[in-house]
Amino acid sequence: MQIKVEVNGEARVDEVEPRLLLVHYIRERLALTGTHWGCDTSNCGACTVLLDGQPVKSCTVLAVRADGHAVTTIEAIENPDGTPSALQEGFRQKHGLQCGFCTPGMILTGTALLRDNAHPSEHEIREGISGNLCRCTGYENIVKAIQWAAEHAEEAAAK
Amino acid sequence: MQVPASFEYVVATSVDDAIAKLSADDDARVIAGGHSLLPMMKLRLASPGTLIDLSHLESELRYIRADGPGIRIGALATHRDVIESPLLAQRARVLPDAEHVIADPLVRNLGTVGGSVAHADSAEDLAAALLTLDALVGIKGPNGAREVPLNEFYLGPYTTVLEPGELVTEIHLPRGASRGAYLKVERRAGDWAAAALGVSFDLDSAALKDVRIGLCAVGSTSLRAPKAEALLEGKTPDAALLKQAGETAAAEAEPIGDGRGSEAYKRNLIRILLPRAIQRALAAGSSNGSTIHAN
């Protein structure tokens, strides 16, 4: 069936099989491979994208479900001038990634978290990313990266 | 790679349209958030010929509103909606408390109350929490609407009283409760419970009133603990009474041993969790769900 999806601000019209999962639509049809495909069972969160601004696990969403909706992937998280967003910079500053597989999902979840709650407590951050698993177990620095972004968001926005 | 078997996909344009489509096709299933059905379809445990997408019915089915002394929750209210509802925080505290320990925030963004209830997983936390508020399940079908008490709605794991063509449209709480809490022991973040329980009650000065206990993952469906409830009813709890209530509830549970723990372990969890849940509900200002990691 035909779907119309706004992906990273760009209107897309595609013919898809109803059983096509959103993660495969994004990776294979749109070649946006920053969205990772991990556990396939809605546990790990590597496939996180924003659906109408809310983080969801795209391995457990049908592409047809996104018809008429807006999808944002890691490719569209940087600042409009191409510099890293405050959260991306936070991951760099605080060594928030090791192998990097969970990072796009962490950054999308973290971006939505900071948008809804500009100054989250450590508990709120840890609950917020509890659906995104880091097999390197680098959670300490991921939490610090999100805290760094919360602290530096205003100066980053002023740049 | 896990991919569902092929199916026809149709969008319901109204509740009546969904019922008509569901009634016309024996092999059709409805899908809302999809976070229970899609994983089963990917494992080929479910292979419906047609999926009827309810996600366009939000104007009809996504709400949480007061109705006299009671509360009505539309089937398409998401888990996140329950967490963020000021009404439920005030009058049905056990629900947001439970929601904080259901799956994870991303799943809660899409998963729905109606879908969770209709899926009838015996380890579903929301059902145990709803049992403490005497919840009724609102159902619509080709023969009209009906309400069924939640404890009569479940026939067993993944099995409900829904007839062909019928749809869960609402959860109706006939009354609220001023106090509530939910506690869960899980092996890792976002897992199903090894055991969990919810409590709701009101206070008559210091005495517990209308005590309800909902047990999760210690039976083929969520269970009440009527003997423990009777023990607590009308009493001002002290340590000895809470200990006795915990032991009574543990005896009422019907757990089986599995990968999440032995029967004895799960009974012990219920014994420990009940006093803690009552204390948590009594403590003013408790606002966040609580998970205890088993390992």
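1. Start with a helix pair in chain A: L87(A), Q88(A) and F91(A) of α2(A) meet T103(A), I107(A), G110(A), T111(A) and L114(A) of α3(A). Here, two residues are in contact if their C-beta atoms, placed from the backbone, lie within 7 Å. Sorted by class, this contact has four nonpolar, four polar and no charged residues. Ala, Val, Leu, Ile, Met, Phe, Trp, Tyr, Cys and Pro count as nonpolar, Asp, Glu, Lys and Arg as charged, and the others, Gly among them, as polar.

2. A word on what you're looking at: this is a predicted model, where local features need pLDDT of at least 70, side-chain atom pairs count only at pLDDT 80 or more, and totals for chains, interfaces and linings use all residues. Residues are numbered from 1 along each chain as its sequence is written, while chains are lettered from A and ligands numbered from 1 in the order in which they are written.

3. Back to those helices. α2 (residues 86-93) and α3 (residues 103-116) of chain A pack at an angle of about 125 degrees, and their axes are 9 Å apart. Axes are lines fitted to C-alpha atoms, for helices over the stretch in contact, with angles running from 0 to 180 degrees between N-to-C directions. That angle makes α2(A) oblique to α3(A); angles under 35 degrees would be roughly parallel, over 145 roughly antiparallel, 65 to 115 roughly perpendicular, and the rest are oblique. Helices (H or I, at least four residues) and strands (E, at least two) are DSSP runs, numbered from the N terminus.

4. Next, the domains of chain A: domain 1 covers 2-76 and domain 2 covers 86-158, with bounds from an automatic or database domain assignment. Their C-alpha centres lie 21 Å apart. Domain 1 of chain A puts 15 residues into the contact and domain 2 of chain A puts in 11 residues. On the domain 1 side, β3 (48-51) and β4 (54-57) of chain A each give two or more residues, and β3(A) has the largest share with three residues. That side has seven nonpolar, eight polar and no charged residues.

5. Chain B splits into domain 1 (8-57), domain 2 (58-173) and domain 3 (179-293). The C-alpha centres of domain 2 and domain 3 of chain B are 20 Å apart, and 23 residues of domain 2 of chain B touch 28 residues of domain 3 of chain B. α9(B) gives the most to the domain 2 side, with five residues. By class, that side holds 13 nonpolar, five polar and five charged residues.
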